[in-house]
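Please read them with the structure open.

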Amino acid sequence: MTKKRYLLTFTSLFLFLLYILTSCNDKTPKRNTSIAPNATLNLALRNGIYADVIEKCIPAFEAEYNVECNVLRLAEDELHSLVLKDSKNEEGTYDFCMVDSSWMAEYTAKKVLTNLTSLGYSLDNDIIPATAAACYYDYDLYLAPYGGNVSVLLYNKLMIKEAGYSAEDIVSIEDMLEICKFQKKRHNLGFMYRGDTENNIVVDFLPFLCSYGGWVVDSEYNPTINTIEFKRAMETYMEFVATGKAAKKDDLIAAIANKAAVMGIGWPGWYTPTKNSSMDYLALTGKATGNSLSHNANIYGIWTIGIPENSKNKNYAIKLLAYLMEPELQKSTVNIGGVPCRYSSLTDKETLIKFPQYAVVCKALENGVYRPVMQEWSTFYTVLGEEMRLIITGQKDIETGLKDAQIKLDFLQLR
């Protein structure tokens, strides 16, 4: 046998053995497809890591209950509109769906979702309390917090060190600004902000607004834009803007990772730091200065799960929801990219040895805040984002821009 043939034979044998071993080690039970399923569930999921995690979890559920699950992976806007449109049908297409918290008011007003409390389901005490705040309507549960996405501060490790800081030293907006100004003087970029859409402009700014004790609406959902707190936060944000430039997500990540910029507001799902990474992230403390009060300032982008009201398979859909929310199963999803809203998952010692960044995520989730749960939130942020863009680009001063935004939003009488 020639050396070349020997190598080919050895390679083929190795690949065959690897296939056998891989197949034998896959202990996940599979549904017996020779038997007709008790039900077929249609799942409308947010495309990306959220759908990935659920898809990897459902085979065991399908085997246990002899249920077939069809997964439909959708972009955010498509998911929102498709489930909403389907809710008008007497018998719905979908039995299970992912829901962004900002849709909650619209979905409950239009009776899109099933009352989970009426189906006997409730959240346990292991769930980080603040993450469930937007899941209730009239004291009943309609959603369960599944994907713990929350804003964090992305930063370049070396660049903050050059400014005389460590991650533990960044305790306020004031500290962040000092670091950005330091790097700007060295002819680097300081703060990278997202200015590509009205929504991104507003959400990027919200952690700063919260840190100054402000918010976009009051308890009655009246706009609170033309306020002292908003003005102070906007003045500070403009100082940050002056040290950097606008960027889309991928460009923002690349700039910070490559030492072209020092920091920006991001999300854990964007980047997974390792010991040798140039970039890391931390939770914002919600303090404007070292001596000021701390506020919840990490903005939630949590994806929740629920059941459409017109589902024809609620009995199995609620079993699936309860299964996906089980503590041990959720802890196991961390290895495949899951970010549960559970203390037992995010504070587990073995998990933190492998994924130390989840300590930061847990802290951010504990001190997070949902965007207003209001039907017209998309209209609200579009109006506000347009006025903020005019301020940022120098077409309006802060006082005029905020006053104009307040007038426009008051006129719309949003709720």
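1. Terms and source. Two strands count as paired if DSSP finds at least two bridges between them. Helices (H or I, at least four residues) and strands (E, at least two) are DSSP runs, numbered from the N terminus. This is a predicted model: local features need pLDDT of at least 70, side-chain atom pairs count only at pLDDT 80 or more, and totals for chains, interfaces and linings use all residues. Residues are numbered from 1 along each chain as its sequence is written, and side-chain values use heavy atoms, with hydrogens and water left out.

2. Overall build. The protein has 16 helices and 14 strands. Its C-alpha trace spans about 70 × 65 × 35 Å along the principal axes. The radius of gyration, taken over C-alpha atoms, is set against a globule rule of 2.2 Å times the number of residues to the power 0.38. For 415 residues a compact globule would come near 22 Å; the protein has 24 Å, which agrees.

3. Burial and contacts. Buried means under 20% relative accessible area, exposed over 50%, and partly exposed in between (1.4 Å probe, protein chains only). Of the 415 residues, 50% count as buried. Contact means heavy atoms within 4.5 Å. Among contacts with a separation of 6 or more, 76% link residues 24 or more positions apart.

4. The sheet with β7 and β11. Five strands form an open sheet in the order β9-β8-β10-β7-β11, with mixed pairing. β9 (245-246) and β11 (279-282) are the edge strands, and each pairs on one side only. β7 (residues 152-156) and β11 run antiparallel and are joined by four bridges. Leu154 stands opposite Tyr281 in β11.

5. β8 in that sheet. Which strands does β8 meet in the parallel sense? Three bridges join β8 to β10 (residues 261-266), and the two run parallel. Leu189 has Ala261 in β10 as its bridge partner. Two bridges join β8 to β9, again in the parallel sense. Here Met192 stands opposite Lys245. β8 is mostly covered, with four of its five residues buried.

6. The sheet with β3 and β13. Another open sheet of five strands has the order β2-β1-β3-β13-β6 and mixed pairing. β2 and β6 (144-147) stand at the edges with a single partner strand each, so one side of each is left without a neighbour in the sheet. Neighbouring strands are turned by 30° against each other on average, direction ignored. β3 (residues 96-100) and β13 (residues 303-306) pair in the antiparallel sense over four bridges. Cys97 has Gly306 in β13 as its bridge partner.

7. Helix on that sheet. Axes are lines fitted to C-alpha atoms, for helices over the stretch in contact, and angles run from 0 to 180 degrees between N-to-C directions. α2 lies across β1 (39-46), β2, β3, β6 and β13. It runs at about 170° to β2.

8. Helix pair. α7 (residues 198-211) and α15 (residues 377-392) pack at an angle of about 80°, with their axes 7 Å apart. That makes α7 roughly perpendicular to α15. The scale is: under 35 degrees roughly parallel, over 145 roughly antiparallel, 65 to 115 roughly perpendicular, and the rest oblique. The α7 side includes Ile201, Val202 and Phe205; the α15 side includes Trp377, Tyr381 and Leu384. The residues of this contact divide into eight nonpolar, three polar and three charged. Ala, Val, Leu, Ile, Met, Phe, Trp, Tyr, Cys and Pro count as nonpolar, Asp, Glu, Lys and Arg as charged, and the others, Gly among them, as polar.

9. Most residues other than glycine have a negative phi. Asn66 has a positive phi, near 50°. Asn66 sits in the loop between α2 (49-65) and β2 (67-74). At 15% relative accessibility, Asn66 counts as buried. His187 also has a positive phi, near 70°. His187 lies in the loop between α6 (173-185) and β8 (189-193). Is His187 buried or exposed? His187 is exposed, with a relative accessible area of 76%.

10. A buried loop residue. Tyr121 is found in the loop between α4 (104-109) and β4 (136-137). Tyr121 counts as buried at 13% relative accessibility. Leaving aside neighbours within four places in sequence, Tyr121 is in contact with Leu116, Leu141, Ile318, Leu321, Ala322 and Met325. Tyr121 and Gln183 are 62 residues apart in sequence and 51 Å apart in space, C-alpha to C-alpha.
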